[in-house]
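Please look over the structure shown here before reading the notes that follow. They take up the sheet, the helices and the aromatic side chains in turn.

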Amino acid sequence: MGQTVVLTGMILQTMPMGEYDKRVTILTKERGKITAFAKGARRQNSTLLAASEPFCFGEFELYEGRTTYTLVKASISNYFRELVSDLEKVYFGFYFLEVASYYTQENNDEKEMLKLLYQSLKALEHPSLENRLVKFIYELRVLVVNGEYPNVFSCMKCGKKENLVCFSTKYRGTLCEECAKKESGILMNDSVLYTLQYIITADLKKLYTFTVTDEVLLVLEKIKKSYWDSYLPHTFQSLKLLEESLA
Ligand SMILES: [Zn+2]
């Protein structure tokens, strides 16, 4: 016999099914990433119509069957309406959702990813934060949550903590001035280094409280591209759409 559970989470993805139904993927605090069947959710008079869209965050009442969940009721506390009403931010937002989906699983503790995703979407809504910076911070912080981030606190070759002037994808982190002479990498100034260090160590609540110059952002993006291309050879469909939208 099944029973009803209430889970807190965010809708990552929805897929139409049949004529009026949907299948939704929810990143939950309690059970990681789950998928649920939302019966009749595409009918105009359904109470689930608006509550079963991507970005919806709240409490979801689900009937737990033997192998599937069925969405019964939803109480949404944040629809991210400002984000959804801005086309450019929507492209960024969908990419954030896809990254979160890629990195999470069912019955895994994904609380940190859910918190990070929530704060990052809030940051996207923030009018004075550059979307591209929010994206970089989110991307790096996702690696931190998953333990795959580069070391930017010492030289990867000699261990020295001073004069870190270069980012090496090959060595998965920074190199000092001396070691950088014999290696290739991306040159960086102190602002780039401090930004990387800050993103990796800052408290989540203070993560989105700074801005950088265009010049710094360009170097950060170069580092990200090089590092992700080498260690995360996955194509995110929403990233392709986002890049096309910005081109
Ligand atoms: Zn060194």
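A residue is called buried when its relative accessible area is under 20%, exposed when over 50%, and partly exposed in between, using a 1.4 Å probe and protein chains only. By that definition phenylalanine 236 is buried, with a relative accessible area of 2%. This is a predicted model, in which local features need pLDDT of at least 70 and side-chain atom pairs count only at pLDDT 80 or more, while totals for chains, interfaces and linings use all residues. Residues are numbered from 1 along each chain as its sequence is written, and side-chain values use heavy atoms, with hydrogens and water left out.

**Barrel**

- Five strands form a closed barrel in the order β1-β2-β3-β5-β4, with mixed pairing, where two strands pair if DSSP finds at least two bridges between them, and where helices (H or I, at least four residues) and strands (E, at least two) are DSSP runs numbered from the N terminus.
- Neighbouring strands of this sheet are turned by 50° against each other on average, direction ignored.
- Strands β4 (residues 57-64) and β5 (residues 69-78) run antiparallel and are joined by eight bridges, and tyrosine 63 stands opposite threonine 70 in β5.

**Helices across the strands**

- Helix α2 (residues 87-103) lies across β1 (3-17), β2 (21-28) and β3 (32-38), at about 120° to β1; contact means heavy atoms within 4.5 Å, and axes are lines fitted to C-alpha atoms, for helices over the stretch in contact, with angles from 0 to 180 degrees between N-to-C directions.
- Helix α3 (residues 111-125) lies across β1, β2, β4 and β5, and runs at about 55° to β1.

**Aromatic pairs**

- A search of the whole structure finds 12 aromatic pairs, counted when ring centres of Phe, Tyr and Trp (its six-membered ring) lie within 6.5 Å, with planes under 30 degrees apart called stacked, over 60 edge-to-face and the rest tilted.
- Tyrosine 95 and phenylalanine 236 form an edge-to-face pair, 5.9 Å centre to centre with 80° between the planes.
- This pair links tyrosine 95 in helix α2 to phenylalanine 236 in the loop between α7 (214-231) and α8 (237-246), 141 residues apart; tyrosine 95 counts as buried because its relative accessibility is 0%.
- Tyrosine 102 and phenylalanine 236 also form an edge-to-face pair, 5.3 Å centre to centre with 75° between the planes, and tyrosine 102 counts as partly exposed at 38% relative accessibility.
- Ring pairs link Tyr95, Phe96, Tyr102, Tyr103, Tyr138, Trp228 and Phe236 into a cluster.
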